[in-house]
Amino acid sequence: MEEIVFGIGITALAGALATVAGAAEDTESDIGSQGDPNSQVQLAPQMGYIHRIFNKAVAGEPPAYGLWVALGAGLAWAFMAMQINPILAIVLGSALAVFVQGVYATTAYLGRTASLAKFGQPVYIDILKSMTTVTMAHAFVAIFTTVAMCHLMISALGHPFPLPLLGLVWGIALGAAGSATGNPFYGKERQYQEQKFGAGVPISASGNIVRYAEAGQRNSLDNGFFSAKLGGPASGICFGLIVFFELWRTVVFEELNIWGPIIVGVVVILIFAIIDRYIEVWARKNFGPYTTPEEASS
Amino acid sequence: MSALGGPKQTGGVQSPTAIGIVISIVLIIVALGLAYYLVQMAGVIALVGIIIGGVLVAFGVHFVPVGGAPAAMGQSPGIATGVAMLAAGAGLAGLFGGAWAAPFGLAVALAGGAVGGGLLMAITCTMVNVIYIFGMGIPAASGKVDKDPITGDTFPEYKSQGTEGHGLPFISWIGGVVGGALGGLGGTLIYLELLDIYQAQLPVLLNATVEQIAPVAISLAGIFAVAMFLINAVLAAYNITGTIEGPHDPKFKRFPRAIIAAAVASAVAGIFAIALLELVGVF
């Protein structure tokens with residue numbers, strides 16, 4: 001019984017760490033403009049819209065985070081093998097991984113933006129100076145929390161994978177959850193803030209992203225401020241729920257029956273199916289159709 | 001043939017060519033023969049498991065509703081990320097669960113892997129709809145079909161002007177969960193087969209007990225499982241080309257080609273994974 005209580009505590013802690021990781025990951029990727037909405041940041045100058053948005057999407061979020069978290073986890077693992085205190089080892093490993101992220105962000109911004117030179121898009125050195133460090137800070141939070149979570153899974157819950165491999169697995173999952181949940185909010189709601197609320201962006205508006213802020217030109221820090229309100233926390237909840245349910249069903253129900261975690265997993269999936277269907281119907285009922293069915297079918 | 005002399009237009013669905021099938025079968029037989037030569041019957045069984053696992057991964061990827069960049073602007077339905085990436089996220093989460101349950105036997109581990117992958121997709125797909133509906137005020141609408149095959153909801157009137165649809169209709173949600181589950185199942189199967197091989201070979205090679213080599217065997221099997229997963233997910237993504245809404249999307253019918261490609265890729269990559277220790281032993 002004590003073991004289960006301990007396991008539940010670790011599960012809750014890992015879920016909390018994952019929530020912070022998801023929120024930091026999405027905010028980082030939105031400040032750096034790394035997710036799919038970056039297609040518009042890349043497209044805008046080609047359509048004549050010069051902007052001051054950061055641009056580092058030379059890799060998708062999942063592989064990028066797979067690399068950074070695996071790197072942080074690998075270094076932390078090496079430091080732990082050198083008998084360094086685990087917390088210090090994780091901090092050091094994450095800090096070193098963040099330097100790689102910084103180099104990645106710098107070269108990606110310079111490379112991607114320089115490729116737009118023939119469309120008149122300048123490389124802003126002040127953008128590079130002010131925003132790279134902000135993405136690095138957010139990346140540190142995301143990497144540190146994910147590596148710490150992986151360390152808990154191994155040392156407290158006894159997962160068989162070594163730390164670097166677990167870092168790769170959960171880094172990719174972190175990027176997948178963060179980009180899936182956070183991207184539409186950054187892409188539609190922020191970059192196309194001038195378009196109608198409650199409707200998709202017409203394809204004809206592609207590239208016409210919002211470039212001006214309350215004062216002066218909009219930059220990626222403004223985007224981070226915006227997506228930290230919903231896209232970031234929602235990504236955090238998404239990744240936190242994934243980690244929590246994944247661990248919880250095993251930690252609590254494995255003792256009762258070896259099939260317990262699987263049955264509970266299926267039940268949780270069914271519950272999410274009901275939640276999803278409920279909000280889908282709720283939206284149809286409350287928002288209503290854009291056109292009447294007759295018009296649509298004509 | 002069309003007027004321009006190009007290949008016949010088949011709406012994106014191209015059946016595999018005869019020569020392609022023949023080469024695939026030859027490669028698979030060669031790989032199986034090598035597996036038998038190197039590790040006898042255990043090698044053949046492991047390679048068959050790896051091929052089945054790879055095929056499951058590639059087939060599963062076709063179910064996952066991926067909208068890519070247009071989905072991030074609410075211009076097309078699906079999840080706003082890449083096909084291979086999302087499938088990898090789900091499949092690897094499944095692998096995490098499957099590897100954890102490995103000591104309880106094949107059936108429990110495989111089911112654990114499938115549920116792990118399905119769970120990640122269930123939560124992610126639900127959160128995508130939460131963002132679309134409560135963050136952006138946009139209801140779900142498919143661009144490829146007029147009616148949801150499961151719920152019967154109609155879509156044309158819920159599609160905003162100038163877009164191909166948006167959000168995740170319920171059929172896409174189901175597709176996502178099925179795809180995640182198949183990915184988790186396939187990834188776990190590959191992992192377990194390789195783990196068996198390494199656990200049998202490593203003690204002899206390193207002159208150590210099974211307990212002593214367990215960390216090395218688990219790490220190697222895990223890394224190869226991740227790699228094989230990515231190979232098959234990327235192959236399937238090439239077959240899909242861009243975005244797919246799920247099992248109701250016409251592009252879904254392209255899956256036979258991906259299955260053949262995945263079987264060959266898994267056989268060839270799998271033989272390297274199986275032969276790894278033999279090669280290490282030689283040198």
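Guide: A helix here is a DSSP run of H or I with at least four residues, and a strand is a run of E with at least two. The model is a predicted one. By that count, chain A has 10 helices and zero strands.

Visitor: What pattern does chain A follow along the sequence?

Guide: The pattern of chain A reads α-α-α-α-α-α-α-α-α-α.

Visitor: How do you know whether the radius of gyration of chain A agrees with that of a compact globule?

Guide: The globule rule is 2.2 Å times the number of residues to the power 0.38. For 298 residues the rule gives a value near 19 Å, and chain A has 21 Å, so the two agree. Along the principal axes, the C-alpha atoms of chain A fill a box of roughly 65 × 55 × 30 Å.

Visitor: What share of chain A counts as buried?

Guide: A residue is buried if 20 or more other C-beta atoms lie within 10 Å of its own. In chain A, 53% of the 298 residues count as buried. As for contacts in chain A between residues at least 6 apart in sequence, 79% join residues at least 24 apart.

Visitor: What describes two packed helices?

Guide: Two packed helices are described by the angle between their axes and the distance between the axes.

Visitor: Why is helix 6 of chain A called oblique to helix 7 of chain A?

Guide: Helix 6 (residues 163-191) and helix 7 (residues 220-227) of chain A cross at roughly 120 degrees, and their axes come within 11 Å. Roughly perpendicular covers 65 to 115 degrees and roughly antiparallel needs over 145. The angle therefore makes helix 6 of chain A oblique to helix 7 of chain A. The crossing of this pair is right-handed. Gly182(A), Phe185(A), Tyr186(A) and Arg190(A) in helix 6 of chain A meet Asn223(A), Phe226(A) and Ser227(A) in helix 7 of chain A. By class, that contact has three nonpolar, three polar and one charged residues.

Visitor: What makes helix 8 of chain A roughly antiparallel to helix 4 of chain B?

Guide: Helix 8 (residues 231-253) of chain A packs against helix 4 (residues 106-135) of chain B at about 155 degrees, with the axes 10 Å apart. An angle over 145 degrees counts as roughly antiparallel, so the term applies to helix 8 of chain A and helix 4 of chain B. Their crossing is right-handed. Among the residues that meet are Ile237(A), Leu241(A) and Phe245(A) in helix 8 of chain A and Leu120(B), Ile123(B) and Met127(B) in helix 4 of chain B. The contact has 12 nonpolar, two polar and one charged residues.

Visitor: Which helix of chain A gives the most to the side that touches chain B?

Guide: Residues in contact have C-beta atoms within 7 Å, and 72 residues of chain A are in contact with 69 residues of chain B. Helix 6 of chain A gives the most to the side of chain A that touches chain B, with 17 residues. That side of chain A divides into 46 nonpolar, 18 polar and eight charged residues.

Visitor: What classes of residue make up the contact of helix 5 of chain B with helix 6 of chain B?

Guide: The axes of helix 5 (residues 170-206) and helix 6 (residues 210-240) of chain B come within 8 Å and cross at roughly 145 degrees. The crossing of these two helices is right-handed. The residues of their contact divide into 19 nonpolar, three polar and no charged.

Key:
Residues are numbered from 1 along each chain as its sequence is written. Chains are lettered from A and ligands numbered from 1 in the order in which they are written. This is a predicted model: local features need pLDDT of at least 70, side-chain atom pairs count only at pLDDT 80 or more; totals for chains, interfaces and linings use all residues. Axes are lines fitted to C-alpha atoms, for helices over the stretch in contact, and angles run from 0 to 180 degrees between N-to-C directions. Angles under 35 degrees count as roughly parallel, over 145 as roughly antiparallel, 65 to 115 as roughly perpendicular and the rest as oblique. A crossing is left-handed if the near helix is turned anticlockwise from the far one by less than a right angle, and right-handed if clockwise. Two residues are in contact if their C-beta atoms, placed from the backbone, lie within 7 Å. Ala, Val, Leu, Ile, Met, Phe, Trp, Tyr, Cys and Pro count as nonpolar, Asp, Glu, Lys and Arg as charged, and the others, Gly among them, as polar. A residue is buried if 20 or more other C-beta atoms lie within 10 Å of its own, exposed if 12 or fewer, and partly exposed in between; C-beta atoms are placed from the backbone.
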